[in-house]
Amino acid sequence: MPETDRVPVALLLTVSPRLPGLLAAAGWRAVTSAPAVLALPGASASAAALRAEGIAVTDVPDRAAAAAAAPGAVLLATAEEAEGWEGVPRVAGAPEPPGARLLDVVAVMDRLRSPGGCPWDAEQTHASLRGYLLEEAHEAYDAIVDDDPVAMREELGDVLLQVAFHARVAAEAGPDRRFDVDDLAGDLVDKLVRRHPHVFSDAGPRDVAAVERGWDEIKRTEKQRRSPTEGVSRSQPASSWGAALAGRAARAGLPTPPAAELTAVDPAELGEQLLGLVVAARQRGWDAEDVLRTAVRRYADELDAAAHARADG
């Protein structure tokens, strides 16, 4: 054991730099009963929080300085600083919950947008970032299609960056347009709880079909929507747009376009047939995406008319 590892401390108390004011019961017992409390640099925020509560904490710069401390001391350290220390009991003073590193995402984004941060990040707006959001979403989609977990981890992280970026930009907006990442997260949690009454209240068990019907009912109530077309993005690919409208219409008991004869026996064969249609359309000078979008837009108008007619009785 290196000489500097021979610290005369009774306990290593690992703390979180992300949650400096949080200590579990065992951690509080340790710091309130110890004859002395020391803190390594990574634990400085926790040391400051303890001092604010009237607990004396002595900062030490490194292990060598801790070795000169009085016996029986409790040493505050991050998990990284405590790594490799043998022969000293330790307590997790503030076990980090899953998702704790999301706090680092918020902190880094704040640093990038603040004075002295990155000039490129500081000048971005919702409008200038929207293309990146779409690009990152497509790249994440590709990683999922490829079933590549390494790429999924990276690309979903890039999508998360866009969410954090837009939330930080919004936090700087005027009062009538301002929201921050906590507002975003709070709204999301409220929505998830509200839309899962079979989980969070007494709606009782439901199968998947009942859950989907329930979601449509809840959305109609929340958004005061009169038509299944409302709330469906028109900027998505035409095939996805059409499928979403047809699915909503069917669940609402509204008309759907007549289904074409499907000769394919599996999805792979259907994909080949669709690709062949795209090639054939191109040979005639037609844009398959454009003509399908025109058809879906026409169906959306018909669906709106049918939904409004039913609502008006």
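This is a predicted model: local features need pLDDT of at least 70, side-chain atom pairs count only at pLDDT 80 or more; totals for chains, interfaces and linings use all residues.
Let's start with the annotated stretch. An unreviewed UniProt entry carries the annotation "domain: NTP pyrophosphohydrolase MazG-like" for residues 124–200. In the model that span is 79% helix and 0% strand, and its end C-alpha atoms sit 39 Å apart.

Inside this span, look at helix α7 (residues 126–145) and helix α8 (residues 149–171), whose axes come within 8 Å and cross at roughly 160 degrees. Angles over 145 degrees count as roughly antiparallel, so that is how α7 runs relative to α8. From α7, the residues in contact include Leu-129, Leu-133, Ala-140 and Ile-144, and α8 answers with, among them, Met-152, Leu-156, Val-159 and Phe-165. By class, the α7 and α8 contact has 14 nonpolar, three polar and four charged residues. The crossing itself is left-handed.

Now follow α8 to another partner, α5. The axes of α5 and α8 come within 10 Å and cross at roughly 55 degrees, and the two helices are therefore oblique to each other. This time the crossing is right-handed. On the α5 side, the contact is made by Leu-102, Val-105, Met-109, Asp-110 and Arg-113, while α8 brings Leu-160, Leu-161, Ala-164, Phe-165, Arg-168 and Val-169. Sorted by class, that gives eight nonpolar, no polar and three charged residues.

Glu-172 lies in the loop between α8 and α9 (181–194) and Arg-113 in helix α5 (residues 102–113), so the pair ties together parts that are 59 residues apart in sequence. The structure holds eight salt bridges.

Residues in contact include Trp-241, Gly-242, Leu-245 and Ala-249 of α12, along with Leu-292, Val-296, Tyr-299 and Leu-303 of α14. The class count for α12 with α14 comes to eleven nonpolar, two polar and four charged residues; among the residues of α14 in this contact are Glu-289, Arg-293, Arg-297 and Arg-310.

Conventions. Residues are numbered from 1 along each chain as its sequence is written. Side-chain values use heavy atoms; hydrogens and water are left out. UniProt positions are given in the numbering used here, feature names are shortened, and annotations may be inferred rather than shown by experiment. Helices (H or I, at least four residues) and strands (E, at least two) are DSSP runs, numbered from the N terminus. Axes are lines fitted to C-alpha atoms, for helices over the stretch in contact, and angles run from 0 to 180 degrees between N-to-C directions. Angles under 35 degrees count as roughly parallel, over 145 as roughly antiparallel, 65 to 115 as roughly perpendicular and the rest as oblique. A crossing is left-handed if the near helix is turned anticlockwise from the far one by less than a right angle, and right-handed if clockwise. Contact means heavy atoms within 4.5 Å. Ala, Val, Leu, Ile, Met, Phe, Trp, Tyr, Cys and Pro count as nonpolar, Asp, Glu, Lys and Arg as charged, and the others, Gly among them, as polar. A salt bridge is a side-chain nitrogen of Lys or Arg within 4 Å of a carboxyl oxygen of Asp or Glu.
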